[in-house]
Each structure stands twice: as C-alpha cells, then as structure tokens.
Protein chains: 2
Amino acid sequence: MAKEPKLALIPLGGLGEIGKNMMAVRFGENILVIDCGLMFPEEEMLGIDVVIPDITYLLENKDAVRGIVLTHGHEDHIGALPYVLKQLNVPIYGTRLTLGLLQGKLKEQEVAGEANLQVVKPRDTVTIGPFKVEFIRVSHSIPDAVAVAVHTPVGVIVHTGDFKIDQTPVDGEVTDFYRFAQLGERGVLVLLSDSTNVERPGYTMSERVVGATFDETFRQAKERIIVASFASNVHRLQQAITTAHRYDRKVAVIGRSMINVINIAHELGYLHIPEGTLVELEEANRLPKNKVVFLCTGSQGEPMSALTRMALGDHRQVEILPGDTIIISAIPIPGNEKLVARIIDQLFKQGAHVIYEAVSGIHVSGHPSQEELKLMINLVKPRFFVPVHGEYRMLIKHADLARSMGIPAENIFVAENGQVLEFTRRSGRIAGRVTAGRVLVDGLGVGDVGNIVLRDRRQLSQDGILIVVVTINRELGQVMAGPDIVSRGFVYVRESEQLMEEARQRVKEALEKCNDRGLSEWASIKAQVRDVLGKFLYEKTRRRPMILPIIMEV
Amino acid sequence: MAKEPKLALIPLGGLGEIGKNMMAVRFGENILVIDCGLMFPEEEMLGIDVVIPDITYLLENKDAVRGIVLTHGHEDHIGALPYVLKQLNVPIYGTRLTLGLLQGKLKEQEVAGEANLQVVKPRDTVTIGPFKVEFIRVSHSIPDAVAVAVHTPVGVIVHTGDFKIDQTPVDGEVTDFYRFAQLGERGVLVLLSDSTNVERPGYTMSERVVGATFDETFRQAKERIIVASFASNVHRLQQAITTAHRYDRKVAVIGRSMINVINIAHELGYLHIPEGTLVELEEANRLPKNKVVFLCTGSQGEPMSALTRMALGDHRQVEILPGDTIIISAIPIPGNEKLVARIIDQLFKQGAHVIYEAVSGIHVSGHPSQEELKLMINLVKPRFFVPVHGEYRMLIKHADLARSMGIPAENIFVAENGQVLEFTRRSGRIAGRVTAGRVLVDGLGVGDVGNIVLRDRRQLSQDGILIVVVTINRELGQVMAGPDIVSRGFVYVRESEQLMEEARQRVKEALEKCNDRGLSEWASIKAQVRDVLGKFLYEKTRRRPMILPIIMEV
C-alpha cells in the first residue's frame with residue numbers, strides 16, 4: 001500500500017499574537033505562503049520600529065517556496081514583504097488594490113523593481129506548484145479582500161484571511177457565500193479562521209452604519225468637520241467623501257499615508273470622488289467653515305500624525321478652532337488607549353466638539369463576531385479546524401466555539417507559531433516544530449537588536465547610566481587621570497553635586513585598594529567599581545542605574 | 001458697606017487627570033485641604049515610581065493650613081501623605097478605616113510617629129479654623145467612604161469625594177441621602193463632584209452583582225478557585241470570603257498588600273471572616289482542590305504581583321493547575337490593558353479556566369454613572385458647580401450634564417489644577433493661579449528627576465548610548481589613548497564589529513583634524529565628535545543613539 005500523502009500547515013506568524021500574519025502550506029518539496037505581515041512593537045521593545053516574522057524556515061527551504069498569496073492590503077498581511085523579498089524573491093499573488101498598496105510600499109523601500117506581482121480577481125484560480133489556489137471574496141475594513149482555498153492533493157484548505165460578514169457592504173461586493181458553501185458541500189479538509197473578535201457575541205455591524213452616523217453628524221455641524229480614520233479604510237473614506245458631497249462640502253486630505261491610499265484607491269477605481277470635491281489644503285483653508293471637511297490620519301494618537309499635530313497646535317497648515325466638529329472614526333488599538341485619550345483631551349481644550357468611541361456607530365470593526373464565525377464554520381463544514389489571527393485566549397475561545405458547533409475536540413488544533421500541523425485525508429496531528437519567532441527592525445537594522453540590547457535599553461530607561469572613566473598606567477601602577485563620573489538619565493546633576501562628589505570618592509577609594517594589589521586585573525577593577533558604586537547609589541537613592549567603568553591605559 | 005467675604009477653592013490635583021486628588025479651601029488666612037493622593041506615572045515618565053501633587057502653594061502658606069480631611073482610603077486620595085507630612089505636619093481627619101490604612105502606609109515610610117490623626121464618623125462635624133466640616137456617608141469601592149460638607153462664612157461647599165449610589169451596598173451602609181437633600185434644601189453654594197465615570201449612561205451596578213456572579217462561579221467550579229482583585233476593595237474581598245464559606249471552602253490570601261488590607265479591615269471590624277475560614281497558604285496547598293479559594297493581588301497585571309508570578313510559573317508556593325478557575329474581578333485601568341491581556345493568555349496556556357472582563361458582573365465600578373451624577377445634583381441643588389476627579393474631556397462632559405439639568409453655564413467652572421476659583425455668596429469667578437503641578441518620585445528622590453533626566457532616559461531607551469573616550473595631553477597636543485567606543489543599548493556589538501571599527505576611524509579622523517588646530521578647545525572637540533559620529537551612525541543605521549564624548553587629560 002502506498003504511503004498516504006501528507007500536507008503540512010506551518011504558522012510562521014499571527015498565532016498567539018495580533019499581527020505579522022504568515023502561514024506556510026507544504027506538500028512534499030513545495031511551499032506556498034499565505035500573507036507576509038508585520039506587527040507593531042510591544043511596549044517593552046524599546047526603540048523598535050516594527051516586528052516581522054522569522055523566515056529562517058523558508059530560507060532553509062528556499063528552492064521549495066513557490067509563491068506568496070496575499071489576502072488583503074493591510075500592514076499586518078503585507079508589511080513584511082519589503083524585508084522578506086530581499087531574501088526570498090518569489091511570485092506574489094493578490095487582488096489589484098492589495099498589489100497597488102504593496103507596490104507603494106516596495107517603492108518606498110526601493111525593492112519595487114525586483115518584485116514579480118501577479119494580479120488575481122475573486123473566483124480566479126491559479127496554479128502554484130502542486131496547488132490550485134482560488135480567491136474568494138470577503139468583506140473587511142479594506143476593499144478587495146479575499147479568502148483563499150488551496151486545493152491540494154490531500155484535500156482543500158480554506159483560509160479566511162481577515163473577514164467580516166457585511167450584508168450591506170459599501171461597495172456592494174458581498175461575501176461569496178456560494179463558493180464557501182459549495183466548497184463545504186464538496187468537502188473541506190481544514191478551515192483556518194480569523195479569531196480577532198471571537199470575544200464579541202452577536203454580529204459585527206455593517207460599515208454602512210458609520211455612513212448613517214456621518215450623515216447625522218454632518219447634517220448638524222455648523223462649522224468645520226474633521227474626520228480622523230485609518231488611512232487604509234477606503235470604505236470609510238468613501239463614506240466621508242460621499243457625505244461631504246451630499247452636504248455640499250469640499251474635502252481636503254491631510255497626512256502622507258492617507259494621501260497615498262486615496263491616490264492609489266482612486267486611480268484603481270476603488271474610490272469614487274465626485275468631480276471637484278477634493279481640494280488642496282490651502283484652498284480648503286480659504287473656504288467658509290461650513291463648506292469644508294478635512295480627512296486626516298491620527299485616529300490612534302500616533303505622535304507624528306496630522307491629528308496629533310493639530311491637537312497640540314503644532315500643525316503648520318491647520319489649527320483647531322472652537323466650533324470644529326472632530327470625528328474620531330476608530331477605536332484605540334490595545335495599547336493606544338492613553339495616547340488617544342490625551343489627543344481627545346487636547347482637542348476639547350482647543351474648544352472643539354469631539355465625537356469619539358463612546359458614540360455608537362462612529363466606528364465598526366472589520367472582524368467577525370461570534371455569529372459570523374459560526375456562519376463561516378457552517379458554510380465550510382471542515383473536517384479539521386485551526387483558529388488563526390489572535391492572541392492565545394482568542395484561539396482558545398474560537399476552539400471552544402468550534403467545539404460547541406460539533407467539530408470534535410481532537411479535530412481542533414490550537415497551535416503556536418512554528419508548530420507543524422500535519423494532515424492526511426483522515427487524520428491531523430502536531431508533528432514537530434520549525435524555527436519561528438520575531439525579528440525586530442530598528443531603523444535600517446533587521447534583527448541586530450536582540451535581548452541584550454533590549455535589556456540594556458530597559459535598564460537605561462529606568463534609572464539612566466553612570467560612566468566612570470579612569471586613565472591608568474599599568475607599568476607605573478598608577479592612576480594618571482580620573483576617576484571622572486558622567487551620568488545621563490540618573491539625577492539632574494546640578495542638584496546632586498554632593499552625591500556625585502561622594503560617589504567619586506568611593507570609586508577613588510576602591511581604586512586605591514585595587515592599586516595595593518597592582519592595578520593589573522582590569523576585569524576585577526571594573527567589577528570592584530561597579531559593586532562599590534552600585535551599593536552606594538542604591539543606599540542613597542534606591543535606584544539602580546547602569547554603571548559602566550571604562551579604563552584607559554597610557 | 002463691608003466688603004463681601006470671599007472663599008477660594010484651589011484644586012492642587014485631580015483636575016485634568018485621574019489621580020493625585022487634592023483640593024484646598026481657603027478663607028482669609030485659613031486653608032483646609034481635602035485629600036492628598038498620588039498618581040501612577042504616565043508611560044513617558046520612565047523610571048518614575050509615583051507622582052504626587054506640587055504643594056508649593058501650601059508650603060508658602062504653611063501657617064494658614066489648618067488640617068487635611070480625607071474622603072476615603074484609596075492611594076489616589078491618601079497616597080501622597082507620607083511625603084507631604086514630612087513638610088507639612090497638620091492634623092488629619094478621616095474615618096476609622098481610612099486612617100487605619102493610612103497608618104499602615106505611614107509606618108512603612110517611617111513617618112507614623114509624627115502624624116496627628118483624628119478619627120471621625122459619618123454625620124460628625126468638626127471645627128477646623130473657621131470651617132465646620134461635616135462627613136457624609138457615600139458608597140464606593142472601599143468601605144467607610146465619605147463626602148464632606150464644608151460650612152464656611154460664605155456658604156456651604158459639598159465635595160462628593162469618590163462615590164457611587166449603591167442601593168444595596170454589601171455592608172448595608174447606604175449613601176446618606178437625607179443629609180445631601182437637607183443641605184440642598186437649605187442652600188449649597190458649590191458642589192464639587194466626581195467625574196470619573198461621566199461618559200457612562202445609566203446607573204453603575206451594585207457591588208452585590210459581583211457577589212451573585214461569585215456564587216454562580218463557585219457553585220460550578222470543580223477544582224481550585226483563584227480570585228484576583230484590588231487589595232483595597234474590602235467589599236469584594238468580603239463577598240469572596242462569604243461565598244467561599246457558603247461552599248465550604250477555606251480561603252488563603254496571597255500578596256503583601258492584600259494581606260495588609262485584610263488584617264487592618266478585619267481588626268477594625270470592616271471584614272467579617274467566619275471562624276476557621278482563613279488558612280495559611282501551606283495549609284491551603286494540602287487541602288483537596290475543591291475545598292480552597294486563593295484571594296490574590298495582580299488584577300492589573302502588575303509585574304511583581306502574586307497573579308503575575310503564578311501566571312509565569314514564577315511563584316514559589318502556588319502554581320497554576322489545569323482545572324483551576326481563575327476570576328479576575330477587575331477591569332484594566334487605562335494603560336494596563338496589554339499587561340492584563342498577557343497574564344490572561346499565560347493563565348490559559350497553563351490550562352486554567354479564566355473568567356475576566358468580558359463576563360458581565362465579574363466587576364462593577366466604584367464611580368457614579370450619568371443618572372447617579374444627576375441624582376447628586378438634584379439632591380444638593382448647588383448654586384455653582386465644579387466637576388472634579390477626571391481628565392479634561394470628562395470635566396467637560398460633566399459640565400455639559402450639569403448644564404442640561406438647569407445650572408446656568410456661567411455658574412459652572414471647568415478648572416485646571418492651580419486655578420483659584422473665588423466665590424462670594426452670589427458670584428463665582430476664576431481669580432488667578434497658584435503654583436501646582438507634578439512632583440515625580442523615583443526611589444528616595446522626590447522631585448530630583450526633571451525634564452532633562454526624563455528626556456535623557458527617553459533617548460537612551462530608544463537607541464541606547466555610545467561613549468567615546470579619549471585621553472589627551474594638552475601640552476604635547478597629543479592623543480595618549482583612545483579613542484575607545486563603548487556602546488550600550490545600541491546594537492549587539494559582536495554582530496557589528498565592523499560598524500564600530502569604522503565609527504572609531506571616523507572619530508580618529510575628527511580628532512586629527514582638531515589636533516591640527518591644537519586640541520585645546522574641549523567643547524569644540526566634543527561637538528565635533530558628536531557631529532561626525534551622529535551623522536555616520538544615522539546614515540548607516542537610521543538610529544540616533546545618545547553620543548557622549550569624554551575627554552581625559554593626563
């Protein structure tokens with residue numbers, strides 16, 4: 001009897017975390033990758049710009065990688081590509097808007113020329129190695145989002161990407177219920193489904209709800225309107241533009257990323273802007289207050305964004321005026337709550353009327369709540385279920401939900417990044433582990449900031465640093481200059497002269513003791529200085545600055 | 001005609017922020033202070049332990065300060081006293097539990113001996129200088145909380161402290177509606193009211209709701225139960241203990257602050273513990289799993305707390321077991337969301353069943369929602385209204401709410417810390433400003449960490465530091481040793497040897513250029529090194545570490 005063919009699903013990102021989504025599908029010597037996203041750094045990753053998946057596994061199997069398919073154009077699904085493509089140049093498949101947004105990013109990072117981009121449409125099927133990959137329309141907080149069905153020799157894998165079930169999407173492009181149902185009817189081996197909102201009961205509201213809130217707000221506003229939103233939420237931007245046009249207002253766009261998205265989406269036909277509605281900022285500033293809407297970035301309180309600058313009175317072209325109506329059409333991403341609250345406070349202080357998360361219908365999520373997740377499971381009727389895109393507790397809750405719908409517990413896998421899920425037509429198991437993890441990007445450095453550097457930054461951030469410099473002559477066995485102590489981030493020196501002078505004396509005494517023994521062992525001199533000074537400072541201040549002894553030899 | 005007497009209300013903390021509540025009431029040369037709280041540091045206050053109010057104004061008027069009255073025993077109302085008492089030793093008035101908790105804190109900081117503590121009861125009136133101060137029972141998330149009515153020659157001031165309207169409080173001590181209403185009927189000049197929850201419509205649920213949830217959860221739990229809560233929420237602890245007793249479980253308490261509160265509250269009679277219910281941790285660990293409840297700290301994911309240690313498998317005496325039911329009876333304070341989420345994930349990973357904020361009735365707030373705020377205004381019927389205890393947007397919303405109830409806009413003051421609100425019997429106005437602000441406490445240092453130190457810590461935390469040391473002999477005009485470069489928190493040196501060597505070369509060249517001009521101007525040498533190295537590193541890494549040139553002279 002021939003050996004049963006096996007298929008491996010290997011999550012390289014997005015499990016046990018929100019962001020840097022990446023899933024490898026392997027059959028024999030063929031690997032297909034679904035998405036290639038980045039993640040924003042956790043609070044303790046001091047100084048880090050972005051985090052991308054560790055693709056060691058793909059690089060070790062470079063010749064097997066047949067292509068990367070993208071589900072949609074959000075950063076957490078495409079954002080690692082500018083880095084990954086430098087090491088792994090394979091064909092990339094995605095819908096027009098997704099690839100349009102990707103191309104913008106690749107140009108910024110100067111890797112556009114090398115990329116092999118293949119445009120696909122929903123219901124297209126492309127052959128990639130032994131896989132037939134089909135793209136299936138879903139709704140999400142960005143247009144042109146798709147799920148993918150991967151037809152493999154072992155069975156069909158359905159990966160939802162990010163989705164919601166919007167029965168009345170702004171662009172009229174409803175989720176392709178028929179294809180999901182048809183696949184389900186014919187038999188799906190594994191469903192991988194978005195867990196982001198699994199903690200929410202019921203249904204996620206339609207994006208159109210926000211349009212109704214915009215209408216109500218625009219109708220009542222007597223002066224200027226400022227709408228802050230995610231740059232990539234083209235549906236949201238569309239609704240703001242349509243509503244502005246309805247109330248005879250012009251629209252000016254502020255913020256580089258939003259201008260980029262609007263240009264790309266408009267050019268590709270995903271954004272419909274009535275003739276003459278869009279104006280330059282200078283022109284908008286000359287219009288009567290009740291004739292203008294500003295669309296801007298900064299809904300997350302990002303320090304350099306348009307809204308933050310305006311709130312702090314720091315924007316060159318727009319200042320907040322009493323009477324302005326400001327709509328923050330977003331909710332804070334976990335971790336940004338305090339940033340956003342501070343911006344709202346600042347806007348109120350400038351006399352604006354601010355409409356924010358407390359108001360119902362000012363924002364809706366792009367991810368499915370529990371009833372939508374159930375619908376997806378009932379459409380696809382998979383044999384095996386793997387929750388993806390979520391922190392650990394969300395994966396657990398999504399697994400519970402699947403079990404409550406009749407999928408046997410042994411057919412559900414709550415996995416971690418790097419675990420190898422191996423399937424035959426009939427069985428599934430966790431079959432091992434490959435390298436997976438986080439690569440930190442800081443400036444131009446990709447992966448050069450590791451735990452030691454982060455630990456140092458952490459210590460430096462808490463209590464600062466004291467540098468003790470001394471010049472010695474080993475032959476003479478003599479201190480030639482110093483010890484000098486310089487501190488940064490410890491105490492304000494002008495108020496602590498006495499403390500620093502005392503510290504210098506302690507170091508001096510320690511050096512003299514060492515000198516009795518010959519000033520020869522640098523390592524032990526350094527350890528001695530660190531020890532004496534650390535104890536002294538802790539006793540005096542209850543702080544533990546980093547202490548860095550430097551010995552110069554002449 | 002005699003000059004009309006004037007009364008000043010001067011907020012020294014708690015306005016435009018959550019925490020460090022402090023309000024001065026001044027009549028002539030008499031100052032009464034209401035509350036003296038601390039605040040936990042904002043994210044950008046790197047290394048800071050706590051923040052206390054700047055009391056310069058009180059110190060400048062030291063002889064006028066007659067006393068401090070406390071509304072309840074939470075940190076944000078009493079926590080600055082250990083620092084303030086060292087500079088301003090005046091009588092302190094509070095209820096028994098409030099002063100009991102305060103005394104514990106004073107002992108820890110070794111200032112207990114000096115304090116003059118005066119116990120009061122609800123409905124007591126004490127004379128403090130020209131003020132008659134009356135204490136009025138309110139409900140809150142700690143027992144023995146009071147509002148204060150200050151009877152002054154100009155009129156009655158009512159300060160709610162923190163409150164909620166709990167119609168079925170756990171201890172049966174209902175808010176003293178009669179006294180609020182009687183004061184209102186006779187005429188109140190100014191109401192100062194808690195704005196923390198003004199964004200929430202409706203009513204805040206009764207603390208008893210949590211008891212019902214505990215009952216349901218305890219009834220279903222088959223193995224161990226672990227309840228994490230705020231240490232100071234004695235009502236919550238009471239309900240956990242009562243429910244444990246009902247289901248024949250023993251209770252062990254974990255976490256120093258919770259043990260402290262339970263001891264004090266028990267000793268003073270605020271906590272009723274059935275005989276034999278409380279056991280030591282060692283004993284609890286020997287009991288059958290269905291016979292024990294652990295009460296612990298860590299509901300905010302605090303790094304050193306009991307729950308965090310357990311979640312990370314780092315607690316010496318308790319490890320999480322599959323089958324444990326863990327109740328996190330709190331919601332994350334803004335800023336703690338990610339910390340708490342991470343702990344929940346860890347607990348799930350250990351196989352526990354975790355009940356957290358998503359579950360209704362697992363926590364209720366201690367602050368009043370909109371309908372309760374309206375009730376307070378209707379009871380007290382003040383002439384003037386000042387929203388307190390809240391960030392700016394909350395004060396604005398509370399002012400809007402008061403206006404919607406018929407208080408004229410010109411009688412409502414949204415003030416900032418340090419503003420002087422001056423009232424006569426008939427009029428109110430903002431009459432000036434005194435020193436107010438934040439004093440940062442870091443270890444033993446109170447106020448010695450200022451903006452320069454914080455700015456340095458910020459830079460160090462982002463990109464680390466490079467120290468360039470060179471020993472020169474000015475007479476010889478010669479570099480004797482170095483330049484050496486040492487870095488911390490920049491890049492992991494082993495992987496960047498080439499970069500660091502190149503950097504050293506650049507510095508060397510810069511020094512040689514300086515040498516041509518004589519090596520005499522240290523300041524200009526340092527500036528030169530900083531400039532050359534900064535540009536080089538930014539070009540190579542897009543990072544901006546702190547660059548610290550140190551020149552030693554032999």
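Six strands of chain A form an open sheet in the order β8-β9-β10-β11-β12-β18, with mixed pairing. The model is predicted: local features need pLDDT of at least 70, side-chain atom pairs count only at pLDDT 80 or more, and totals for chains, interfaces and linings use all residues. Residues are numbered from 1 along each chain as its sequence is written, chains are lettered from A and ligands numbered from 1 in the order in which they are written, and side-chain values use heavy atoms, with hydrogens and water left out.

- Helices (H or I, at least four residues) and strands (E, at least two) are DSSP runs, numbered from the N terminus.
- Two strands count as paired if DSSP finds at least two bridges between them.
- β8 (125-128) and β18 (382-388) of chain A are the edge strands; each has a single partner strand, so one side of each is left without a neighbour in the sheet.
- On average, neighbouring strands of this sheet are turned by 20° against each other, direction ignored.
- Axes are lines fitted to C-alpha atoms, for helices over the stretch in contact, and angles run from 0 to 180 degrees between N-to-C directions.
- Six bridges pair β12(A) with β18(A) in the parallel sense, and A:Val190 stands opposite A:Phe384 in β18(A).
- α13(A) packs on the sheet and touches β12 and β18 of chain A, its direction making about 155° with that of β18(A).
- Helix α5 (residues 177-186) of chain A lies across β9 (131-137), β10 (146-151), β11 (156-159) and β12 of chain A, at about 140° to β9(A).

**A:Glu207**

- A:Glu207 is placed in the loop between β12 (188-194) and α6 (208-220) of chain A.
- A:Glu207 counts as buried because its relative accessibility is 5%; buried means under 20% relative accessible area, exposed over 50%, and partly exposed in between (1.4 Å probe, protein chains only).
- Its side chain makes a polar contact of 2.6 Å with that of A:Arg236.
- A polar contact is a pair of N or O atoms within 3.5 Å; within protein, one must be able to donate a hydrogen and the other to accept it, and residues adjacent in sequence count only if both atoms are side-chain atoms.
- Leaving out residues up to four places away in sequence, A:Glu207 touches residues including A:Lys164, A:Asp166, A:His235 and A:Val364; contact means heavy atoms within 4.5 Å.

**The interface of chain A and chain B**

- In this interface, 65 residues of chain A are in contact with 65 residues of chain B.
- The two chains bury about 5,700 Å² between them, and carbon and sulfur atoms give 60% of it.
- Buried area is the accessible area (1.4 Å probe) that two parts lose on being put together, summed over both.
- A:Lys338, A:Arg393 and A:Met552 supply 10% of the area that chain A buries against chain B, more than any other three residues.
- The rule finds twelve salt bridges across the interface, where a salt bridge is a side-chain nitrogen of Lys or Arg within 4 Å of a carboxyl oxygen of Asp or Glu.
- A:Glu42 and B:Arg342 meet through their side chains in a salt bridge (2.9 Å, N to O).

**The three-stranded sheet of chain B**

- An open sheet of three strands in chain B has the order β24-β23-β25, with mixed pairing.
- β24 (478-488) and β25 (546-553) of chain B are the edge strands, each pairing on one side only.
- Strand β23 (residues 465-473) of chain B runs antiparallel to β24(B) and is joined to β24(B) by eight bridges.
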